[in-house]
Amino acid sequence: MKTNIFTITGKSLIILFLSLIFGCGNRSDKKFDETPTRGNIKIAVDESYQLLMDTETYTFHSIYKYAQINVDYTTETKAFDLFFKDSIRLMIVNRKLTDAQEQNLKKAQIIPRTTKIAYDALALIVNNDNPDTLIRYDQLKDIFTGNLSKWKSINSKSTLGNLAVVFDNNESGNPRYIREKFSVKGKFPSYCYAVKSNEEVINFVKNNKNALGIISVNWISDPHDTISHRFLNELHIVSVGQEGDINGTGEFRKPYQGYIAEGSYPFIREVYAISRETFAGLGSGFISFVAGDKGQRIVLKSGLVPATMPIRLIEIKKNK
């Protein structure tokens, strides 16, 4: 019996054609269809902004049901490491990329996008039993450069002993900011310590009368947030004098929203969303949301200062 080569070949082509159609369909199903409002991504966020980003992502998810943003709250160093390893496409941090970092990305044909989303500040906190809630700017510089280590050097009437200065993490943006602010070379003094998070700093200060904690103001700036509200009742916020006022005769400021907005608090910094996304994906959609009207209202409510929407400062005077 002779075999009809044409018939077999024809059937094979049909089978091949059908398999290609259905095979492509299967691959299309497996490939995630990502848009600015749909998809599943991982981002890295400096732990300083956990309370803010918890609210931002919760609201974004409630609006866009097919979007899932998985947040890794971590240190600044780890966020940058993940970003350059291409493990994440988006990070929320309080410093920009360096020129060298931008050039390295551009060599790889990646154009990074940096969007300012908020103004933040460092807050100094002390134990509820510590009455010394005014510190001059020059005294803080002496603390971080190793020239002032006792509470009596801040207030001669203090009954406390040696200072214990506590940061959230050696690899976070908080100690890096202080190093840059006061031109600290090498290691911090031996009375400066690091724990693992802003929350641990707060707990340490709450349990140690001689402690001076350095945290992001976001952790204590929203009185309507249950976590922030609880922390506010457990510690005192330090008022800081102005740079150059060595006699302490000028204004002392706390990291309140109004003082951050007008620029009169000494330790203000900017918060950025930095993306390496090469297409209009979910990361781009989330940045647009945070920098847009709804996202900026969340920034305002959190006690930080919005970066992309105008705000109005109102002075309220009490009648005597």
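Helices (H or I, at least four residues) and strands (E, at least two) are DSSP runs, numbered from the N terminus. By that definition the protein chain has 11 helices and 13 strands, and Ile125 lies in strand 4 (residues 113-127). This is a predicted model, in which local features need pLDDT of at least 70 and side-chain atom pairs count only at pLDDT 80 or more, while totals for chains, interfaces and linings use all residues. Residues are numbered from 1 along each chain as its sequence is written, and side-chain values use heavy atoms, with hydrogens and water left out.

**Whole chain**

- Of the 320 residues in the protein chain, 46% are buried; buried means under 20% relative accessible area, exposed over 50%, and partly exposed in between (1.4 Å probe, protein chains only).
- Among contacts in the protein chain with a separation of 6 or more, 73% are between residues 24 or more positions apart; a contact means heavy atoms within 4.5 Å.

- Two strands count as paired if DSSP finds at least two bridges between them.
- Strand 1 (residues 39-46) pairs with strand 2 (67-74) in the parallel sense over eight bridges.
- Between strand 1 and strand 2 the chain passes through helix 2 (residues 50-63), and this β-α-β crossover is right-handed. Right-handed here means that, with the strands pointing away from the viewer, the path from the first strand over the helix to the second runs clockwise.
- In strand 2, Ala67 is the bridge partner of Gly39, and Tyr73 is the bridge partner of Val45.
- Val45 also has a bridge partner in strand 3, namely Ile92; strand 1 and strand 3 are parallel and share two bridges.
- Six of the eight residues of strand 1 are buried, so the strand is described as mostly covered.
- Strand 3 (residues 90-93) is covered on both faces, with Leu90 and Ile92 buried on one side and Met91 and Val93 buried on the other.
- In a regular strand the side chains alternate between the two faces of the sheet.
- Strand 3 and strand 12 (residues 268-275) run antiparallel and are joined by four bridges, one of them between Leu90 and Ser275.

- Thr75 sits in the loop between strand 2 and helix 3 (76-84).
- Thr75 counts as buried because its relative accessibility is 12%.
- Setting aside residues up to four places away in sequence, Thr75 touches Asn169, Glu171 and Ser172.

- Apart from neighbours within four places in sequence, the contacts of Ile125 include Val201, Ile202, Val205, Ala211, Leu212 and Gly213. Also in contact with Ile125 are Ile215, Ile220, Leu235, His236 and Val238.
- Ile125 and Ile202 are 77 residues apart in sequence, and their C-alpha atoms are 7.8 Å apart.

- An open sheet of three strands has the order 5-10-11, with mixed pairing.
- Strand 5 (134-135) and strand 11 (252-253) are the edge strands, each pairing on one side only.
- Strand 10 (residues 239-241) and strand 11 run antiparallel and are joined by two bridges; Val240 has Arg253 as its bridge partner in strand 11.

**Helix 10 against helix 11**

- Helix 10 (residues 282-291) and helix 11 (residues 293-301) pack at an angle of about 60°, their axes 4 Å apart. Axes are lines fitted to C-alpha atoms, for helices over the stretch in contact, and angles run from 0 to 180 degrees between N-to-C directions.
- Helix 10 and helix 11 are therefore oblique to each other; angles under 35 degrees count as roughly parallel, over 145 as roughly antiparallel, 65 to 115 as roughly perpendicular and the rest as oblique.
- Phe289, Val290 and Ala291 of helix 10 meet Asp293, Lys294, Gly295, Gln296 and Ile298 of helix 11.
- The residues of this contact divide into four nonpolar, two polar and two charged. Ala, Val, Leu, Ile, Met, Phe, Trp, Tyr, Cys and Pro count as nonpolar, Asp, Glu, Lys and Arg as charged, and the others, Gly among them, as polar.
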